[in-house]
Structures are given as structure tokens and as C-alpha cells.
Amino acid sequence: MKNLAESFQDRLFRLWKYLFFLFFFGWGTLFFGISHASEVSLDDLNKNPDQFYGQTVTMRGKLRMIGKNYFDPSSKFVIEDHNGKMISVKPWLPLEIAPASPNRPLTTTPMPKIMSDYIGKEVKMTGKVQLNDSRHEHEIRPDQVEEVNP
């Protein structure tokens with residue numbers, strides 16, 4: 001019986017050791033959303049976009065919309081740094097939301113954020129560099145966006 005208990009303790013120890021190594025060698029990102037994104041300048045990203053393809057990066061800049069309006073297919077969102085360097089950004093929020101029904105009583109629940117809430121504002125954005133096939137250009141698919149100076 002003693003050998004059975006020792007065997008169980010050995011297996012349990014090996015399991016904990018295995019889980020520890022999985023967590024600290026990359027699996028933490030998968031299970032716990034821990035990001036290992038490096039901060040990249042838009043200048044570096046524009047010079048060598050293929051070098052960053054598929055990687056998660058962090059950048060800072062002002063979010064802008066280029067084009068006539070949201071619904072024009074040639075319009076796009078970009079993040080632009082203080083030197084005028086920019087890269088396309090895939091929208092991560094709805095472009096608009098339906099207004100509240102006039103028959104519905106007003107609530108204190110705040111309206112959800114939409115893309116226009118961030119246009120013209122300094123943001124810190126973390127996301128994956130991918131290729132936009134329809135535009136044949138690199139873009140950022142944001143996972144996390146926060147206002148820098150609200």
C-alpha cells in the first residue's frame with residue numbers, strides 16, 4: 001500500500017512540474033491570455049511588414065479614418081504616429097449601434113463603445129499583424145485598445 005501512495009505522489013509531482021513548464025513556455029498565452037507583445041514603431045512596421053507578419057505587436061498613435069465615411073468600401077481605419085507613418089487597422093468595434101427604442105424607458109446603462117469613440121484619439125493598441133487580401137496591404141487586428149490620454 002505504501003508503494004501505491006508513493007507512486008501517486010510521484011505522478012502528482014510530475015503533473016505539477018509538467019503544468020508549470022507548459023505555463024511558462026508559451027501555453028500561458030493560450031490558456032490565460034498572457035501576451036508577449038513587443039512594442040514596435042510604425043516606422044519599423046512599415047519598413048519591414050513581412051518581418052512582423054503573424055506576430056502580436058504593441059504600438060501607439062492616433063486612430064484616424066481615411067475616406068468619405070464608414071460605409072464606403074475605399075474607407076479604412078489607420079493608426080498614425082507623430083511622424084505621419086501609418087498602418088491600417090481592422091475595426092474591433094461596431095461602426096454604429098441602433099438607437100434606443102422611444103418606448104423603452106431610459107436606463108443608467110452606458111451605451112456600448114463604437115469605432116467613432118476612438119477616432120482622433122491617442123491609443124495604445126496590441127494586435128496581430130496580418131495581410132488584408134482585398135487591399136493587398138498589411139493591417140493590425142487589435143486584441144486590446146486603450147486610450148492613452150483620455
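**Entry 1: ground rules**

Helices here are DSSP runs of H or I with at least four residues, strands are runs of E with at least two, and both are numbered from the N terminus. I am working on a predicted model, where local features need pLDDT of at least 70 and side-chain atom pairs count only at pLDDT 80 or more, while totals for chains, interfaces and linings use all residues. Residues are numbered from 1 along each chain as its sequence is written, and side-chain values use heavy atoms, with hydrogens and water left out.

**Entry 2: Phe 52**

I started with Phe 52, which is found in helix H3 (residues 49-52). Buried or exposed? Phe 52 comes out buried, because its relative accessible area is 10% (buried is under 20%, exposed is over 50%, partly exposed is in between, with a 1.4 Å probe and protein chains only). I then listed its contacts (heavy atoms within 4.5 Å). Leaving out residues up to four places away in sequence, Phe 52 touches Val 40, Asp 44, Leu 45, Val 57 and Val 129. I also looked up His 138, which is 86 residues from Phe 52 along the chain, with 9.7 Å between the two C-alpha atoms.

**Entry 3: the whole chain**

I stepped back for an overview. The chain has three helices and six strands, and along the sequence they run α-β-α-α-β-β-β-β-β. It has 150 residues, and 23% of them count as buried. For contacts with a separation of 6 or more, I noted that 50% come from residues 24 or more positions apart. The chain exposes about 11000 Å², with 56% of that supplied by carbon and sulfur atoms (areas by the Shrake-Rupley method with a 1.4 Å probe; for residues, only the protein chains shown count as cover).

**Entry 4: Leu 42**

Leu 42 is found in helix H2 (residues 42-47). It counts as buried because its relative accessibility is 3%. What does Leu 42 touch, not counting residues up to four places away in sequence? I wrote down Met 59, Arg 60, Ile 79, Glu 80, Asp 81, Lys 85, Met 86 and Ile 87. For Met 86 I have the spacing too: 44 residues from Leu 42 in sequence, and 6.2 Å in space, C-alpha to C-alpha.

**Entry 5: salt bridges**

How many salt bridges are there? I get six, taking a salt bridge as a side-chain nitrogen of Lys or Arg within 4 Å of a carboxyl oxygen of Asp or Glu. I followed up on some of the pairs.

Lys 85 bridges to Asp 43, with the closest N and O atoms 3.8 Å apart. This pair links distant parts of the chain, since Lys 85 is in the loop between strand S3 (76-80) and strand S4 (86-89), Asp 43 is in helix H2, and they are 42 residues apart. Lys 85 counts as partly exposed at 35% relative accessibility, and Asp 43 counts as partly exposed at 23%. I also noted a network of salt bridges that links Asp 43, Lys 47 and Lys 85.

Lys 76 pairs with Glu 137, closest N and O atoms 3.2 Å apart. Lys 76 lies in strand S3 and Glu 137 in strand S6, so the pair ties together parts that are 61 residues apart in sequence. Lys 76 is partly exposed at 22% relative accessibility, and Glu 137 is partly exposed with a relative accessible area of 21%.

Glu 147 and Lys 121 meet in a salt bridge at 3.9 Å, N to O. They link distant parts of the chain: Glu 147 is in strand S6, Lys 121 is in the loop between S4 and strand S5 (122-132), and they are 26 residues apart. Glu 147 counts as partly exposed at 23% relative accessibility, as does Lys 121 at 33%.

**Entry 6: Glu 139**

Glu 139 is found in strand S6 (residues 137-147). I found it buried yet without a salt bridge. Which side chain of opposite charge is nearest to Glu 139? That is Lys 90, 4.8 Å away (Lys and Arg count as positive, Asp and Glu as negative, and His and the chain ends are not counted). Setting aside residues up to four places away in sequence, Glu 139 touches Ile 87, Ser 88, Lys 90, Lys 128, Val 129, Gln 130 and Asn 132.
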